[in-house]
Amino acid sequence: MTRHLVGGLNIHAKDDESIGKDEFLNIPNLEIDKFLNDSGQVVTIVDGKFRWGGECRLEAKIFAQVISGGVISVFGDILLFEGTSESTSDLDGRKSVKFEVPRTTTSNPSPTKFFVQVDNTDEGGDYGQFNFTLRNLITEE
Ligand SMILES: [Ca+2]
Ligand SMILES: [Ca+2]
Ligand SMILES: [Ca+2]
């Protein structure tokens, strides 16, 4: 049976500035809409680089896979770079993502929400916040 993973991702991030105003990145709704078979196929649901503030970049690689009982496992990594430009290779923070999206049914209609924050653990107060809202639907034959 094929599952349909559908919903969105909201990204909010801060570039902390010691002089002047902090700079923010806001991506209100990055659409996620993927079909997954139940043979364990791994599908990429987010693969993006998000640059802002002149010296910050978030890189997100997130995958999904159907596990037993039609549950969808979502997993991946988010990296935070901060340096002399938005293309810097100075990796200052990293966070793993792992959560499950149970089947969305009439008795369980609410979407699964998951929040993760990656902080600049090397210097400053930069961060990236990711808010997932996902439904795990059955596909009509
Ligand atoms: Ca800064
Ligand atoms: Ca800046
Ligand atoms: Ca840095």
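In the predicted model, arginine 57 is located in strand β4, which covers residues 56–66. Arginine 57 counts as buried because 24 C-beta neighbours lie inside 10 Å, and the cut-off for a buried residue is 20 or more other C-beta atoms within that distance. When residues up to four places away in sequence are not counted, the contacts of arginine 57 are Lys49, Phe50, Arg51, Phe81 and Glu86.

Strand β4 belongs to an open sheet of four strands, in which the order is β3-β4-β5-β6 and the pairing is antiparallel. Because β3 (43–52) and β6 (91–101) each have a single partner strand, they stand at the edges of this sheet, and one side of each is left without a neighbour in the sheet. From one strand to the next, the twist averages 10 degrees. Within the sheet, β4 pairs with strand β5 (residues 72–82) in the antiparallel sense over 11 bridges, and in this pairing cysteine 56 is found opposite glutamate 82 in β5.

Strand β1 (residues 3–15) is joined to strand β8 (residues 127–138) over 12 bridges in the antiparallel sense, with isoleucine 11 placed opposite phenylalanine 130 in β8. Strand β1 also runs antiparallel to β2, to which 12 bridges join it, and here aspartate 15 faces glutamate 23 in β2. On the other flank of the order, strand β7 (residues 112–119) is connected to β8 by eight bridges, the two strands running antiparallel, and threonine 112 stands opposite leucine 134 in β8.

The largest nonpolar core contains 22 residues, of which Leu5, Ala64 and Ile72 touch the most other members. At least two residues of this core are supplied by each of β1, β4, β5 and β8. In soluble globular proteins, nonpolar side chains tend to be buried together. For leucine 5, the contacts beyond four places in sequence are Ile32, Lys34, Leu36, Ile45, Ala64, Ile72, Val101, Leu134 and Asn136; this list includes leucine 134, the residue of β8 that stands opposite threonine 112.

Taken as a whole, the protein chain has eight strands and zero helices, so that the elements read β-β-β-β-β-β-β-β from the N terminus on, each strand being a DSSP run. The C-alpha trace spans about 55 × 25 × 20 Å along its principal axes. Of the 141 residues in the protein chain, 23% are buried, arginine 57 being one of the residues that count as such. Among contacts between residues at least 6 apart in sequence, 56% join residues at least 24 apart.

Technical notes
Residues are numbered from 1 along each chain as its sequence is written. Chains are lettered from A and ligands numbered from 1 in the order in which they are written. This is a predicted model: local features need pLDDT of at least 70, side-chain atom pairs count only at pLDDT 80 or more; totals for chains, interfaces and linings use all residues. A residue is buried if 20 or more other C-beta atoms lie within 10 Å of its own, exposed if 12 or fewer, and partly exposed in between; C-beta atoms are placed from the backbone. Two residues are in contact if their C-beta atoms, placed from the backbone, lie within 7 Å. Two strands pair if DSSP finds at least two bridges between them. Axes are lines fitted to C-alpha atoms, for helices over the stretch in contact, and angles run from 0 to 180 degrees between N-to-C directions. A nonpolar core is a set of buried Ala, Val, Leu, Ile, Met, Phe, Trp, Tyr and Cys residues joined through C-beta atoms within 7 Å.
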